[in-house]
Amino acid sequence: MTSAEPLQITLLGATGSIGASTLDVVTRHPDRYQIYALTANTNVEAMQLLCDRWNPRYAVMNDVESAAELRSRLSSAKSQTVVLEGESGLLQVVNDQQVDCVVAAIVGAAGLVPTLAAAKAGKRVLLANKEALVMSGKLFIDTARENNAVLMPVDSEHNAIFQCLPDSLTEHHSSVKMVNQQACVGIKRILLTASGGPFRTWSTEQLHDVTPEQAVAHPNWDMGRKISVDSATLMNKGLELIEAYWLFDMDIANIDVVIHPQSVIHSMVTYTDGSVLAQLGNPDMRTPIAHALAWPERISSGVEPLNIFDVAKLDFEQPDLARFPCLRLCYEAIKKGGSATIVLNAANEIAVAAFLDEKIGFNDIAVVIEQTMEKAKITEDVSSLEDILEADAMARSITNECLAVMH
Ligand code: NAD
Ligand code: MG
């Protein structure tokens, strides 16, 4: 146990699923962690409850009207919390000198600007918002490295890989600093596990009729709506492939996606001597969050240790790219390089929202993404935030055109 001052945390996306899991871990360690700022998009009700409970210095609502509503409610309740709004508010609570740690748990491209800012400010960054890394790739990793940010993967697979890597690589307190050292330590492959989602065994015809309610009901993990749909299409695994590529500087040809329906092994690393190291645990995000918060120490997370006798059986299968074309599109986007992964991510966000709105069917998600990738101009140079945001905006307008033609 440390005797130091508690770590000051800014939690981006506090009202979400990762936000709730983070607060659950933090609650168990009041001497180690303090909530400096909480942020959300529009959910004033949830944010007010969180402010009552946590009494943060700042609460940020991305939406201006929601900020006004929260401000008025908190002031009636004589709260000390200062309410900020929009991107400037998010940037302020990321950049503040007092902040040690930023938990990046906004969903989608909306998280890019504040997450990148946290890397630039040299914070300890707990990365859940995989879309931010998928979009900014090299820029994000370079920014984190140049500014001595401590980049901790929260995504369960990447956290598992981090845990299976040798201590000698992680002693610099950052996965970023492992880059280019892999050859000398004999890492051969990464095995990225996937549950296969709720429709793992369904035929293409059955997938045609999937409803949003069915898609968001994941068998093993309790998550936000967007990532739940991504898990059902296997887009989530494709985004994670891109995430692993950047985090661990691993050639895509050396990363295997393994369908493992029990979600007990969270990923594996294969070494040249034939060893395969795996990280196992109950599927509960509080474990990787606690690991990423406390590393290199270990703290309790509220998750029960895995009872291996209850699990009894572990299955492994190859992914089926024909029934789940989103994963194939991710491989293609990585091969294309440049802005292709930005286009893929933007098209997916719009297509998933259209599916959740019942405007398109489940199988149409991949169709819309593929059409957008064919139509969009893929640019080579996406080295600045402006380039990235431009490619994202362009892709969104093409996806919307594709959707308009569909109906
Ligand atoms: P969620 O939908 O439950 O929560 C999203 C949060 O982001 C909310 O607090 C919301 O207010 C905020 N938000 C949404 N749009 C915003 C905007 N435009 N501006 C500012 N804030 C905005 O999502 P989640 O499941 O918690 O996932 C968050 C991120 O973590 C995603 O990138 C997801 O891929 C990743 N992740 C989630 C899990 C999981 O188990 N839920 C696991 C691994 C990775
Ligand atoms: Mg994951």
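A disulfide is a pair of cysteine sulfur atoms within 2.5 Å. By that rule, this structure has zero disulfides.

A word on the model. It is predicted, so local features need pLDDT of at least 70 and side-chain atom pairs pLDDT 80 or more, while totals for chains, interfaces and linings use all residues. Residues are numbered from 1 along each chain as written, chains are lettered from A and ligands numbered from 1 in written order, and side-chain values use heavy atoms, without hydrogens or water.

Back to the cysteines. Cys330 is buried, at 0% relative accessibility. Buried means under 20% relative accessible area, with a 1.4 Å probe and protein chains only. For Cys51, the closest cysteine sulfur is in Cys101, 18 Å away, again too far for a bond.

Cys101 takes us to strand S5, residues 101–104. Strands are DSSP runs of E, at least two residues, and helices are runs of H or I, at least four, numbered from the N terminus. Cys101 and Val103 point one way, Val102 and Ala104 the other, and all are buried. S5 pairs in the parallel sense with S1, residues 7–12, over four bridges. Pairing takes at least two DSSP bridges.

Last, the metal. Which residues coordinate the magnesium ion, ligand 2? Asp155, Glu157 and Glu240 do, at 2.1 to 2.2 Å. Donors are N, O and S atoms within 2.8 Å of the metal (3.2 Å for Na, K and Ca); water is not among the atoms, so sites may look incomplete. Asp155 is buried at 7%, and Glu157 is buried at 8%.

How values were computed
Buried < 20%, exposed > 50% of the residue type's maximum accessible area, 1.4 Å probe, protein only.
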